[in-house]
Amino acid sequence: QVQLVESGGGLVQTGESLRLSCTASGIIFGISDMGWYRQVPGKQRELVATITSGSTTNYADFVKGRFTISRDNANTVYLQMNTLKPEDTAVYYCNVNTNTRFSSRAYWGKGTLVTVSS
């Protein structure tokens, strides 16, 4: 069973930065894309950014150029968050999607809390 572990969350002031990381416990075959989602209690989880196996990136409009998603191998993904705002406060979840000859599935981490104070 694959395990995704996020880290890097914390408490920061408005305008500061954080870098989130997500690492899989082992080899995952057939990764199509990796990404970050976030969720506030009582609200639906929303997409923040994704990166494909070919390094194509996509960002939610509310990021406004402040966040950057990247990867250093097929099993690790990062989210550099700059100029943080209070509305960025949420639990951030790592997502990995796979698509092989035999099956497809989504993996999720347990989340890391980001709190931005005003």
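The torsion about the S-S bond of Cys22 and Cys94 is about -80 degrees, so the disulfide (a pair of cysteine sulfur atoms within 2.5 Å) is left-handed. The two sulfur atoms lie 2.1 Å apart in this predicted model, and a search of the whole structure finds one disulfide. Because Cys22 belongs to strand 3 and Cys94 to strand 9, the pair ties together parts that are 72 residues apart in sequence. Strands here are DSSP runs of E with at least two residues, and helices are runs of H or I with at least four, both numbered from the N terminus. Cys22 has a relative accessible area of 0% and is therefore buried; Cys94, also at 0% relative accessibility, counts as buried. Buried means under 20% relative accessible area, exposed means over 50%, and partly exposed lies in between, with a 1.4 Å probe and protein chains only.

Residues are numbered from 1 along each chain as its sequence is written. Since the model is predicted, local features need pLDDT of at least 70 and side-chain atom pairs count only at pLDDT 80 or more, while totals for chains, interfaces and linings use all residues; side-chain values use heavy atoms, with hydrogens and water left out.

The secondary structure of the chain consists of zero helices and eleven strands. The radius of gyration, taken over C-alpha atoms, is 14 Å, close to the 13 Å given for 118 residues by the globule rule, so the chain is as compact as a globular protein of that length; the rule is 2.2 Å times the number of residues to the power 0.38. Along the principal axes, the C-alpha atoms fill a box of roughly 50 × 25 × 25 Å. Of the 118 residues, 39% count as buried. Among contacts (heavy atoms within 4.5 Å) between residues at least 6 apart in sequence, 53% join residues at least 24 apart.

Four strands form an open sheet in the order 1-3-8-7, with antiparallel pairing. Two strands pair if DSSP finds at least two bridges between them. Strand 1 (4–7) and strand 7 are the edge strands, each pairing on one side only. Strand 7 and strand 8 pair in the antiparallel sense over six bridges, and Ser70 stands opposite Tyr78 in strand 8.

The largest nonpolar core holds 28 residues, of which Trp36, Leu79, Met81 and Tyr92 touch the most other members. Such a core is a set of buried Ala, Val, Leu, Ile, Met, Phe, Trp, Tyr and Cys residues joined through side-chain atoms within 4.5 Å. Among the elements that give two or more residues to this core are strand 4 (31–39), strand 8 (76–81) and strand 9 (90–99). In soluble globular proteins, nonpolar side chains tend to be buried together.

Thr50 is found in strand 5 and counts as buried because its relative accessibility is 12%. Apart from neighbours within four places in sequence, Thr50 is in contact with Met34, Gly35, Thr56, Thr57, Asn58 and Ile69.

Most residues other than glycine have a negative phi. Ser55, however, has a positive phi near 75 degrees; this residue is found in the loop between strand 5 and strand 6 (57–59) and, at 44% relative accessibility, counts as partly exposed. Thr83, which is not a glycine, has a positive phi of about 50 degrees. Thr83 is found in the loop between strand 8 and strand 9 and is partly exposed, with a relative accessible area of 44%.
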